[in-house]
Amino acid sequence: VSGESGAGKTEATKIVLKFLMVASESGSGGKDLASRILATNPILESFGNAKTTRNNNSSRFGKFIKISFNGPEIVGSKIDNYLLEKTRVVEQAESERSYHIFYQLIQGTTPEEKEKYHIRSSAEDYFYLTHGDIQVPGIDDAKWWGETTNAFDVLGFSAEEVEQIMFALSAVLLLGNINFTGEEEVQFEDDDIVKEVLDLLKAAPGLMKNALITRMFSAGGRGTAYTVPLTHPQAIENRDALAKSLYSKLFDWLVIKVNKTLVGTVADFKEELPFIGVLDIYGFEIFEQNSLEQFCINYANEKLHQQFNENMFKAEQEEYTREGVPWEEIKF
């Protein structure tokens, strides 16, 4: 499923999945598996979709959904993810938002949860949510948070796993609020925010200091390493890299966890079984500042369109020629 941003790729993918669930002949176990496959949508959309200038619910990653069949029955599924747009975690263009899950976390959690996970009351309190509490038509963040947590239940996430997810999300947001003083050798501007991040990540204080304001340097093959202080621009870049890496690893872990629940009955599921695959990549789009992921996706979209033309037009025309069917050649 390819096309430009807002063309309806993700919605079309969901319709295809729903059709396959309904059309397959499944017993009670198969129906439970079908419900789990559909429950992946709220989670992947919350963590992988965002508002862009052209689309209020734009997928900012690619996914390949493989649904395996044993005869007419669905016996398993697997999701592969590609090219998550990590840059969106730390900055967004004007009128755009970061990933939906951050706004859901702020709007949907209770006061008790906000205190436990150090969650602020508004998106405007976070540097990484660049443009504040942008309201998106058709999106109720508090309601979507409920759908996301319900999907966690359907897919068998434990209470401890959901708790760890919330710790990680809050830590990513608070990393952006860590500022530095000094130019050539920086220090933390506010130790309280650093302590909150440490509490969320359960990390040692010295480890956070080493990770954010210094770097290790070694020359040649010597065994001796030196600690070198970071300049202010380097510290900002280093902080943002840590936030992007944390979110990317969390997303990858979510996909792995989801896949474990989609295997179905181990006796029936085999890799060589016939399958239907649905590829949903994020749309062709051009921003004022384009990430590497966006360039890769634009290229992939162009190649997919070429493949569509190759299969639909060229193959059909060759068949007409073989069968002697009168037709007017279509050039593409």
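This is a predicted model: local features need pLDDT of at least 70, side-chain atom pairs count only at pLDDT 80 or more; totals for chains, interfaces and linings use all residues.
**Notebook: K63 and onwards**

I started with K63, which counts as buried at 5% relative accessibility. That needs a cut-off, and buried means under 20% relative accessible area, so 5% puts K63 in that class.

Where is K63 found? I looked it up, and K63 is in strand β3. Then I listed what touches K63, leaving aside its neighbours within four places in sequence. The list has L44, then I79, D80, N81 and Y82, and then V278, L279 and D280. I also checked K63 against I281: the two are 218 residues apart along the chain, yet their C-alpha atoms are separated by 6.1 Å.

**Entry: the whole protein**

I stepped back for the overall picture. I have 10 helices and 9 strands in the protein. Its C-alpha trace spans about 80 × 50 × 50 Å along the principal axes. There are 332 residues, and 44% of them count as buried. I wondered what share of contacts links residues 24 or more positions apart. Taking the contacts with a separation of 6 or more, such pairs account for 68%. K63 gave me a case of this kind, with its contacts to V278, L279 and D280.

**Entry: the nonpolar core**

Next I went to the largest nonpolar core, which has 69 residues. Which members touch the most other members? I wrote down F47, F102, F157, L169, I178 and Y247. The element that gives the most to this core is α6, with 10 residues.

I picked L169 from that list and looked up its partners, skipping neighbours within four places in sequence. L169 is in contact with F47, I101, F102, L105, Y247 and L250.

**Entry: α3 against α6**

I wanted the geometry of this pair of helices. Helix α3 covers residues 100-108 and helix α6 covers residues 159-175. They pack at an angle of about 105 degrees, and their axes are 11 Å apart. Angles of 65 to 115 degrees count as roughly perpendicular, so α3 and α6 are roughly perpendicular to each other.

Which residues meet here? On the α3 side I noted I101, F102 and L105. On the α6 side I noted M166, L169, S170, V172 and L173. Sorted by kind, the residues of this contact are 7 nonpolar, 1 polar and no charged.

**Entry: the loop between α4 and α5**

I looked at two residues in this loop. S122 is found between α4 (111-116) and α5 (141-154). Buried or exposed? S122 counts as buried, at 18% relative accessibility. A polar atom of the S122 side chain lies 3.1 Å from the backbone nitrogen of E124. Not counting residues up to four places away in sequence, S122 touches I106 and D133.

H118 has its place in the loop between α4 and α5 too. I noted its phi, near 55 degrees, a positive value in a residue other than glycine. H118 counts as buried, at 18% relative accessibility.

**Entry: another positive phi**

I found S95 in the loop between β4 and α3. With a relative accessible area of 34%, S95 is partly exposed.

P42 is found in helix α2, residues 28-48. It counts as partly exposed, at 27% relative accessibility. Setting aside residues up to four places away in sequence, P42 touches E147, T148 and A151. I also checked P42 against N57: they are 15 residues apart in sequence and 12 Å apart in space, C-alpha to C-alpha.

P72 lies in the loop between β3 (62-70) and β4 (73-82). P72 is partly exposed, with a relative accessible area of 44%. For its distance check I used A23, which is 49 residues away along the chain. The C-alpha atoms of P72 and A23 are separated by 8.6 Å.

Conventions
Residues are numbered from 1 along each chain as its sequence is written. Side-chain values use heavy atoms; hydrogens and water are left out. Axes are lines fitted to C-alpha atoms, for helices over the stretch in contact, and angles run from 0 to 180 degrees between N-to-C directions. Helices (H or I, at least four residues) and strands (E, at least two) are DSSP runs, numbered from the N terminus. Angles under 35 degrees count as roughly parallel, over 145 as roughly antiparallel, 65 to 115 as roughly perpendicular and the rest as oblique. Contact means heavy atoms within 4.5 Å. Ala, Val, Leu, Ile, Met, Phe, Trp, Tyr, Cys and Pro count as nonpolar, Asp, Glu, Lys and Arg as charged, and the others, Gly among them, as polar. Buried means under 20% relative accessible area, exposed over 50%, partly exposed in between (1.4 Å probe, protein chains only). A polar contact is a pair of N or O atoms within 3.5 Å; within protein, one must be able to donate a hydrogen and the other to accept it, and residues adjacent in sequence count only if both atoms are side-chain atoms. A nonpolar core is a set of buried Ala, Val, Leu, Ile, Met, Phe, Trp, Tyr and Cys residues joined through side-chain atoms within 4.5 Å.
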